[in-house]
Structures are given as C-alpha cells and as structure tokens.
2 protein chains.
Amino acid sequence: MGLVSTDSVILALDFGGTKLAAATLKVGERRWQQTKRVLSPPGAGASVDLQIMRAIASKVVQGQKIAAIGVSFGGPVDAQTGTVRLSHHVPGWENTPLQQLLENEYQVPVRVDNDANVAALGEYCFGAGQGCDSLFYITVSTGVGGGWIINGKPWRGADGMAGEIGHTVVDPAGPECLCGKQGCVERLASGPYMAQQARELLQMNPQRGQGLRDLVKNDLNAITAQSIAQAAASGDYFAREILEKAGEALGVGIGNVANIMNPYRFILGGGVTKSGSLFWQAVKRAARQTALPEVYFEIIPAALGDEAPLWGAIAIAQDVLSCG
Amino acid sequence: MGLVSTDSVILALDFGGTKLAAATLKVGERRWQQTKRVLSPPGAGASVDLQIMRAIASKVVQGQKIAAIGVSFGGPVDAQTGTVRLSHHVPGWENTPLQQLLENEYQVPVRVDNDANVAALGEYCFGAGQGCDSLFYITVSTGVGGGWIINGKPWRGADGMAGEIGHTVVDPAGPECLCGKQGCVERLASGPYMAQQARELLQMNPQRGQGLRDLVKNDLNAITAQSIAQAAASGDYFAREILEKAGEALGVGIGNVANIMNPYRFILGGGVTKSGSLFWQAVKRAARQTALPEVYFEIIPAALGDEAPLWGAIAIAQDVLSCG
C-alpha cells in the first residue's frame, strides 16, 4: 500500500436485501471509524437503494479522501467485472455494472462481490477464520448460502456460483423447495421454512407444542425461527423436534461438504445459528455422522455477526490497494 | 528441467489394490517408452507387492538413468511426506514412508499420492481435463472416489481427505453402506453394490429380469455391473431400472458437488462408467435436476482409462523436476 496516504479511508458498502450499510476504516487500522445502517424502504428499486447508499456513504466519509471502495452485494455478482447479475429481493439491479458506476463516480478503485463470498472473506481476514487457509462460511437465515476460502483465497467457482450448500439435496423424499427440488438444505433448515413446517404440523396436531403456542399467543402466523428456538430452550418438546430436524439437515449438508472438500473449518453465521445449543448439537452430531471418520473438521460460530459483509468489503478493497 | 538430461526417463508406478503397473516416459516426450502391468498375487502383503514392483520397474527402466519417480497408491497417502497411511486391500502398508524408501533405493526425487488425486492430475495434464482449470475427476468401479483440480492445482483437503463423493449421502432412507451410513453414492452406484442390489431384487421377484437371468445362466452370484449393463443394452427392463437408479444416485451426488463447488467439468472414469448411454443419461439428467439452473458444468468420460494413474504419476514426477 506504498502510495496510499494513511490519512485516507477505505469505504465499505453492504447492499443487503432489506438493509443498506456503509462504514469507513482508516487505512492500516482495525476499528471502524464510522458506520451507518438503514433499512431499504419497502418497494424500493435499485436506483432508490443507490441514492440512499450515496447519502449514507457521504455521511460516513465526512469529506475524507477515499483510498478504495469494497462492496458486498446481496445477490449473484460477476466478481471479475463487478457487475451485479440481479437481486432476488430488489428489482432493477439486472446487469448493473456497479463497480464501473462507482469508479466513475468516486474516481477510486472499486471491487464488488456477492455477500456470501465477501462475508467468508471477512471472517477469514478479521473474524473466526483468521489463520485458517481452508474454510467454508455458511449463513443460515432467510436462505442458506455459503462462501469458500481455499488456499487462503476466495473460491467462487467456474462461473461464480460456488457455495450453494442451501440447494444441495439431503433428502430426495423431503418437502419441495422454492427451487423446484425436494429436500434441499435450505428447505429444511432456513428460518422461514422452519417456521412454516412448525405451523403446518401444529395445524394438524392440535395437542402439540403448547409452549410454542403460548409464546405466539396462539397466532400460528407469528411463529418464527426465533420463537421456535425460544420455546425449545424453555423445554417445549415439539419446538425441540423442529429445531433438531433443521439442525440435522444442515449437519448432513455440512458432512457431505466435508467428505467432498475436507476444509479445515466450517464457520456458521446468520440468525438461525443463534438458536442455542440444541440446534448446534444437532448440526455437529449429524455432520460428524455423515463425514467419514478420517475426515477432520471443526464447526464454529461466526465472529463478526451482521458486520461480516462490511469487513469482507474492507478485505476486497485492501486487496485492490495492495495489488495496484 | 534445465539440469535433467533428455536421455533419462521418468518412472511411473501404480500400486492398485489388485494390480501393479510401471511405465517409463522419456523426458520431454508424450508416449510411453515401456509399460508393464501384472496382477498382485492374492493374499500378498506390502513387501511382496514392493518386490514385484521392483522387478517390473527394472524391466521397464532397462538400465536407463531415472530422472524422477511418480507413484500412484490405491489408498490414503500423506502427499506432503509421501507416506502411505494404509491400503484397504493389501495388508502391511500401514504408515509406510514409501517416498523415502524409494528415494533411498533409487537416489532420485520421488513423489507419492493417492490414486484418485493422481488420476485427476493425469486427466488434467494429459487427458480429458486439458486446459480446464477446475475439474472433479470421479472413478466409479469397486468403489466411488474422486480427485480435485482447483485453480490448476490438486486440492487434497485440509488433511488429504478431499474428493470422497462416494460417501456423501444422497438418500438418508437408503440401504446401509459399509461405512455405516445410509444411502451413500458408493452404496447406490458402485459396481459390486449394483450387482448385490440386482441379486436381492431378483431373489424376491422370480418373474423379473429374464434377460439378465439368461445372461448369467440363472446363476445370480455371477451378476456384475457389466452383465447388468449388457442386459440393459439388450432391452431387459429390470436391468435398465437398476442401471438408471445407480446413475441417478451418482447424478444427485454430482449435482450437489456442482452447487457447492461449481467446477467447470466433471470427468468420469472407472468400469461402471462403461455401462452405456442409459447410465450416462441418468447421471446427466439427475445432475442437471439437482444443480441450480444457473450452475453450469459438463460431464464427460475420462480419456486415459486405466492409465490415468500412471499419467498422473508422470505429472507429479515432472512437477518435482521443474521445481527442483
């Protein structure tokens, strides 16, 4: 980073599906200088989100010189050109050359990548993956996604689609997923699907899950992964069962990945991974049972929480600085 | 390879479970100078196999100067030190420092790796994977194993166990595998298991599989993956079903790998992959259905057949020459 002034800042941007965040880090430092996080207004399109991002970026930058910009985007991205393919949540992003757009606007080097890849890199550089040259980061929340570090570098796949553990099939006789297949990890372990499963079973079994019913005041539509975890922790047997089934499905997926790729470490982040020890035990047990006995690995919680994409955005921006 | 005389040869050795092979290649050439292949005597241990290998190596070398030796070993190997962990087929190989042993004996650089990794490298350097920087080589015969090339280099995993697609679970309700799990790819798609499945079903269903029964002269114990493929090709509906089920299980495994790693190419070798177009169609169909629509890949047959490990042994030996 020879030519980069230590007065300048690195700008990290995170375009989530529903949230927008920006943060600045002084070159060479390890603590945020400024961070700002806002909700994307419902129904907003790409251009509205870009406008809001410009505004919060300006607030965190505060007129300082920007050395480089790293961007985490919640959707498929061509990381080589920094072109967004689309967003599954926000309309209008199709084929947006985001890197070029921001480079023209800010006149600094910009790098853009998909949020799962960026978060994996964030955990590798600044979080639970430090010093670990092969790891798979998995986020379990609304969906189930993943990002690879192999030989100390992101592995994005031949055409940028690596990491889709959420759509590996672990039970061909399982329920149908949005993607059209049956028994995907995402269909069995994501938050909304876990809640749906609980709702459907409770509708059919009026005697079951009293603890969970009480918790949501008998409004089954109010059930979330969080309330299931809470009821399970309070001893509701039905909720424990739901939670363990979800954990097992994720664990089988992880064990399969261990057999195929033998990474040193799995790092789990996202809301559902905050479901407590019952969930974690089920994940670890099923992963261990699915992996061959000779295949060693560890499964640990992410360290950076919601900030993983921002930290990863810092990492990709630093990378362009040290290469340029 | 500056200091290596072009008069010298590279020696490739292949310790299979039941076969031993040695071959020489003149440095800089692309055609075998000599090859020799023998069966390992039943009941032989490691030291007998080593003795036989010495003899056939001497025959192919014919007194020429050896530049380097590459070794493919049918079992887990620590590729960094060239130490054999064990053989699942031949006793006495536990913790044998094969690289060191051969270096002491021949006084040339030696490299040793597991046969699936070596075969993957062989196909990458000399076969169906040439020019393809990310590929997964799968061998389907007695077992189901695999080897990775990622970013143009072998990926062996954190502790050398990557590639075990055979023991990924594709049907948790499926039959029990030798490894203790249910519904592994190997349990559903390997040759011996396919034959076992056919036998068991025919015993229970005396009316079915007349074509296959005729082919093995009603001796169900004589059924092999090959006879199933032959009966299927002749139109026996039962044999077609068995073959397609096996292909589907392998295809689901491949589709899962595609979602997780997004390699550019899958290369399939081993006896079972010679089962004809019905098998290949089932593999490709299931893989395509299991992979997300955005995940591109191709599935093609291996080009080097039984010689893939020998060619890969050449590649690892060449690697040590160019690095030394």
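Colleague: Which residue comes after α7(A), with a positive phi?

Modeller: Keep in mind that we're looking at a predicted model. Its phi is near 100°, and the residue that follows α7(A) is G235(A).

Colleague: And within that helix, which residues are buried?

Modeller: Buried here means under 20% relative accessible area. In α7(A), that picks out A225(A), S227(A), I228(A), A229(A), A231(A) and A232(A).

Colleague: Let's turn to α5(A). How far does it reach from its first C-alpha to its last?

Modeller: This helix covers residues 191-204 of chain A, 14 residues in total. At 1.5 Å a residue, you'd expect 20 Å, and the model comes out close to that. So the expected span, taken over one less than the number of residues, sits beside a reach in the model of 20 Å.

Colleague: Which residues of α5(A) are buried, and what do they pack against?

Modeller: The buried ones are G191(A), Y193(A), M194(A), A195(A), A198(A), R199(A) and L202(A). An α-helix has 3.6 residues a turn, so residues three or four places apart point the same way. The buried residues of α5(A) pack against α4 (185-189), α6 (210-215), α7 (225-233) and α8 (237-261) of chain A.

Colleague: Now the two chains together. How much area do chain B and chain A bury between them?

Modeller: Each chain puts 38 residues into the contact. Carbon and sulfur atoms carry 64% of the buried area, which totals about 3,100 Å².

Colleague: Which residues of chain B lose the most area to chain A?

Modeller: Three of them together account for 22% of what that side buries. They are W155(B), I260(B) and N262(B).

Colleague: How many residue pairs are in polar contact across the interface?

Modeller: Salt bridges come to 0 there. For polar contacts, with both residues at pLDDT 80 or more, the number of pairs is 24.

Colleague: Which element gives the largest share of the side of chain B that touches chain A?

Modeller: By class, that side has 20 nonpolar, 12 polar and 6 charged residues. Elements giving two or more residues are β9 (144-150), α8 (237-261) and α9 (277-290) of chain B. The largest share, 6 residues, comes from α8(B).

Colleague: Why does N256(B) count as buried?

Modeller: N256(B) is in helix α8 of chain B. Its contacts include H167(A), T168(A) and V169(A), along with V170(B) and T290(B). The cut-off is under 20%, so N256(B) counts as buried because its relative accessibility is 5%.

Technical notes:
Residues are numbered from 1 along each chain as its sequence is written. Chains are lettered from A and ligands numbered from 1 in the order in which they are written. This is a predicted model: local features need pLDDT of at least 70, side-chain atom pairs count only at pLDDT 80 or more; totals for chains, interfaces and linings use all residues. Side-chain values use heavy atoms; hydrogens and water are left out. Helices (H or I, at least four residues) and strands (E, at least two) are DSSP runs, numbered from the N terminus. Buried means under 20% relative accessible area, exposed over 50%, partly exposed in between (1.4 Å probe, protein chains only). Contact means heavy atoms within 4.5 Å. Buried area is the accessible area (1.4 Å probe) that two parts lose on being put together, summed over both. A salt bridge is a side-chain nitrogen of Lys or Arg within 4 Å of a carboxyl oxygen of Asp or Glu. A polar contact is a pair of N or O atoms within 3.5 Å; within protein, one must be able to donate a hydrogen and the other to accept it, and residues adjacent in sequence count only if both atoms are side-chain atoms. Ala, Val, Leu, Ile, Met, Phe, Trp, Tyr, Cys and Pro count as nonpolar, Asp, Glu, Lys and Arg as charged, and the others, Gly among them, as polar.
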